[in-house]
Amino acid sequence: AFCGPKMASSTLAHEFGAVSDPNRLDEVLDRWREGAAEKRESDEALQRLVYDLSYHVLSGKVEKEAGIEFLVSIRQTEKPIETGEEEKSTFLYDDRLASILADLFTIIDIELSAGGKGEEVEEQRTRFLEWASALCKGFVNEDTLKDRLEPDTLESLEVLKSAKIFNQRCIRMKTKLFYKQQKYNLMREENEGYAKLQTELNHHLNPSLLENIESLIGRFNLDPSRVLDIVLESFECCPEKREFFLLF
């Protein structure tokens with residue numbers, strides 16, 4: 001099951017204003033906004049706050065709607081910026097909050113998956129999917145979720161239509177990127193490699209020719225079938241060297 005915050009009563013959690021009491025969200029929000037700028041802007045502080053809030057939502061102590069409203073207020077926390085002539089305001093947590101939420105979904109998903117089976121776990125997972133689905137609509141974009149969550153979870157969140165099809169596409173893409181060998185069949189695609197091959201066949205007929213040709217194939221990614229075709233053409237043009245090509 002989702003283990004929840006292990007630091008809810010610690011000095012660090014109290015200092016950062018963690019949600020230790022789900023019935024006092026407004027007070028926590030006020031304390032967060034009035035806190036020192038360096039604490040409020042700390043990624044660790046924001047992570048702790050969001051993690052604690054999610055724990056209470058998944059435990060049923062905080063309603064999903066109240067949690068979303070709380071995060072909206074956090075996201076709209078503003079910081080004045082001095083520009084010389086006037087002061088402007090900017091949102092502190094727009095991009096950072098989205099990234100932290102995506103990481104949080106990953107952690108919770110792993111914890112729930114490792115928690116075994118049971119009514120409590122299933123209930124928490126249902127709340128997690130509802131909570132994550134609600135936050136996906138206004139806080140985290142789909143590309144970020146696809147980068148960090150498992151395909152089965154993405155399918156449950158309706159981000160993917162089919163986890164099976166997504167996995168198949170990933171396998172094909174990885175195979176193409178890492179395992180499929182690039183081969184050049186046309187001379188114009190790798191003119192240097194084929195030019196060196198012609199030079200070897202026309203001027204350097206010696207016992208090391210086969211080794212040299214293999215090196216050229218590997219160095220310039222030449223298509224072996226195309227190389228064999230060129231060797232046969234060379235043999236056709238030099239019938240007087242029949243014995244050498246037969247040995248080759």
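Reader: How many helices and strands does the secondary structure of the chain come to?

Author: In this predicted model, the secondary structure amounts to 14 helices and two strands. The chain has 248 residues, and 35% of them count as buried. Its accessible surface is about 15,800 Å², with 47% belonging to carbon and sulfur atoms.

Reader: Happy with that. What share of the contacts between residues at least 6 apart in sequence join residues at least 24 apart?

Author: That share is 63%. Leu 53 sits in helix α4.

Reader: Is Leu 53 buried or exposed?

Author: The general idea is a cut-off: a residue counts as buried under 20% relative accessible area. Leu 53 has a relative accessible area of 1%, so it is buried.

Reader: Which residues is Leu 145 in contact with, leaving aside its neighbours within four places in sequence?

Author: Those are Phe 105, Cys 136, Val 140, Leu 154 and Val 159. Phe 105 is also among the residues with the most contacts inside the largest core.

Reader: And where is Arg 148 found?

Author: Arg 148 is in helix α8, which covers residues 142–148. With 28% relative accessibility, Arg 148 counts as partly exposed. Leaving aside neighbours within four places in sequence, Arg 148 is in contact with Ser 99, Ala 102, Asp 103 and Thr 106. Take Ser 99 from that list: Arg 148 and Ser 99 are 49 residues apart in sequence, with 9.9 Å from C-alpha to C-alpha.

Reader: Let's turn to pockets. Which residues line the largest pocket?

Author: The general idea is friendly enough: rolling a probe the size of a water molecule over the atoms shows where empty space is left. In this model the largest pocket has a volume of about 150 Å³. Its lining is made of Gln 47, Arg 48, Tyr 51, Ile 100, Asp 103, Leu 104 and Ile 107. Asp 103 is also one of the contacts of Arg 148.

Reader: Which helices each supply at least two residues of that lining?

Author: They are α4 (43–58) and α6 (94–113). The largest share, four residues, comes from α6. By class, the lining has four nonpolar, one polar and two charged residues.

Reader: One backbone feature to finish. What is the phi of Glu 158, and what is that of Asn 221?

Author: Start with Glu 158: its phi is positive, about 65 degrees, although the residue is not a glycine. Glu 158 is in the loop between α9 (151–156) and α10 (163–179), and at 71% relative accessibility it counts as exposed. Asn 221, not a glycine either, has a positive phi of about 55 degrees. Asn 221 is found in the loop between α12 (209–220) and α13 (224–237), and its relative accessible area of 27% makes it partly exposed.

Key. Residues are numbered from 1 along each chain as its sequence is written. This is a predicted model: local features need pLDDT of at least 70, side-chain atom pairs count only at pLDDT 80 or more; totals for chains, interfaces and linings use all residues. Side-chain values use heavy atoms; hydrogens and water are left out. On a 1 Å grid over the protein atoms alone, a cavity is a set of points where a 1.4 Å probe fits but cannot get out, and a pocket is an open set with protein on both sides within 12 Å along at least five of seven lines; lining residues have an atom within 4 Å of a point. Grid points are joined across faces, edges and corners, and a volume is the space filled by probe spheres set on the points. Ala, Val, Leu, Ile, Met, Phe, Trp, Tyr, Cys and Pro count as nonpolar, Asp, Glu, Lys and Arg as charged, and the others, Gly among them, as polar. A nonpolar core is a set of buried Ala, Val, Leu, Ile, Met, Phe, Trp, Tyr and Cys residues joined through side-chain atoms within 4.5 Å. Buried means under 20% relative accessible area, exposed over 50%, partly exposed in between (1.4 Å probe, protein chains only). Contact means heavy atoms within 4.5 Å. Accessible areas come from the Shrake-Rupley method with a 1.4 Å probe; for residues, only the protein chains shown count as cover.
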